[in-house]
Amino acid sequence: MKLLKQFIQQETVLTTAAVLAVVSAFFVLPDMQYLGYIDLRTLAILFSLMTVMAGLRRQGFFDGLGRALLSRTHSTFQLTLVLVGLCFFGSMFITNDVSLLTFVPFTFVVLSRLGTDVRRSLLIPVVCMQTIAANLGSMLTPIGNPQNLYLYGKSGMSIGGFVLLMLPYTLVSLLLLLAWAALVCRKASAALSVDELVSSSASQGNQKIILLYLVLFAVCLLSVIRVLPYGIAFVAVLVCALFADPRTLRTVDYSLLLTFVAFFIFIGNLGRIPAFSGWLQEFLTGREVLVAVLASQVTSNVPAALLLSGFTAETQALIIGTNLGGLGTLIASMASLISYRQIARELPQGKKQYFGLFTLSNLIFLAILLGVWFLLR
């Protein structure tokens with residue numbers, strides 16, 4: 001019982017999705033149509049990308065990139081730009097989750113080498129903005145986050161069309177982050193020594209394995225843009241990881257894959273209940289962006305994307321809504337919980353301060369970006 005309770009606490013979204021799938025099965029009894037619910041393309045590409053990113057992270061590739069950028073840092077303003085920029089630009093290619101899993105702990109290490117006053121004034125604001133930056137940067141590309149990958153595949157858009165759709169929101173986000181960084185660093189201005197920030201004893205990963213993963217990443221991108229069949233990418237990543245770096249397969253987020261499967265079943269069953277399906281389609285019509293934003297606040301944006309996509313053909317509106325919907329509450333994007341857990345573990349006395357700043361900042365960014373959407377629609 002204790003283990004079950006612990007699992008539910010750790011995997012709340014998966015547990016909820018599984019319960020919904022099981023309950024829906026009582027209304028639509030399992031049959032052969034269930035097989036048609038599962039989007040194998042999304043699952044295969046998601047697994048492939050998660051495996052590649054986990055492998056590169058284990059080999060210290062992203063830490064090395066961060067240290068290389070920090071070697072050119074000489075002030076708190078430059079330091080803040082690098083740490084936040086790593087999450088913003090990194091999330092476009094390595095997903096918001098991996099970006100935060102990598103660069104938030106990296107930030108704790110880097111800031112621990114600064115003076116106490118500077119560290120105290122920067123730590124919570126920087127981690128807060130890293131979280132927002134990861135969620136905002138990830139919205140530009142189909143591989144930036146799980147819901148983008150799913151909705152991109154469902155929409156049939158070109159990758160150029162996807163980027164152009166989200167580019168205005170990304171550019172505004174970048175300007176907002178730059179303005180915020182200047183505001184914070186005005187209060188904590190200080191010159192920095194490169195030696196304070198970059199450790200010469202940083203471990204080096206296996207260069208051959210890193211090169212292998214970079215090649216596999218290119219293969220994954222080709223499958224995302226439909227140049228290669230997704231099955232080729234899946235098999236290539238699985239076989240290479242099994243023989244070259246099997247430990248990486250243990251670190252893949254399989255709970256996310258199972259969450260997708262459970263939601264596919266739940267959504268497929270809802271679509272076969274005429275009364276509910278008709279009501280939700282009517283409710284969504286013309287309100288896709290706002291409904292997606294609001295749904296994300298209570299379910300997070302990945303489940304919101306999976307649920308709503310089954311009842312509207314306006315996939316582009318859902319792309320905008322679920323990406324903007326990642327702002328707001330702490331659970332609007334599940335990636336945000338990564339940073340919160342890091343703060344709770346490393347700086348427990350700062351949890352309330354972080355939560356307050358996080359919520360206020362998110363609401364401000366969300367209001368501004370919704371204003372951009374209103375002007376562009």
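Colleague: How do the axes of helix α4 and helix α12 cross, and within what distance do they come?

Modeller: Two packed helices are described by the angle between their axes and the distance between the axes. Here helix α4 (residues 40-58) and helix α12 (residues 207-224) have axes that come within 9 Å and cross at roughly 155°. Axes are lines fitted to C-alpha atoms over the stretch in contact, with angles from 0 to 180 degrees between N-to-C directions. Over 145 degrees counts as roughly antiparallel, so α4 and α12 are roughly antiparallel to each other. Helices are DSSP runs (H or I, at least four residues), numbered from the N terminus.

This is a predicted model, where local features need pLDDT of at least 70, side-chain atom pairs count only at pLDDT 80 or more, and totals for chains, interfaces and linings use all residues. Residues are numbered from 1 along each chain as its sequence is written, and side-chain values use heavy atoms, leaving out hydrogens and water.

Colleague: Which residues in α4 meet α12?

Modeller: Contact means heavy atoms within 4.5 Å. Those in α4 include Arg 41, Ile 45 and Leu 49, and those in α12 include Ile 210, Tyr 213 and Phe 217.

Colleague: How many aromatic pairs does the structure hold?

Modeller: A pair of aromatic rings is described by the distance of the centres and the angle of the planes. The structure holds 13 aromatic pairs, counted for rings of Phe, Tyr and Trp (its six-membered ring) with centres within 6.5 Å. Tyr 152 and Phe 162 have ring centres 5.9 Å apart and planes at 85°, so the pair is edge-to-face (over 60 degrees). Both Tyr 152 and Phe 162 are buried (under 20% relative accessible area, 1.4 Å probe, protein chains only).

Terms used. Phe/Tyr/Trp six-rings, centres within 6.5 Å; stacked < 30°, edge-to-face > 60°. Buried < 20%, exposed > 50% of the residue type's maximum accessible area, 1.4 Å probe, protein only. Helix = DSSP H or I, 4+ residues; strand = E, 2+ residues; numbered from the N terminus. Parallel < 35°, antiparallel > 145°, perpendicular 65-115°, else oblique.
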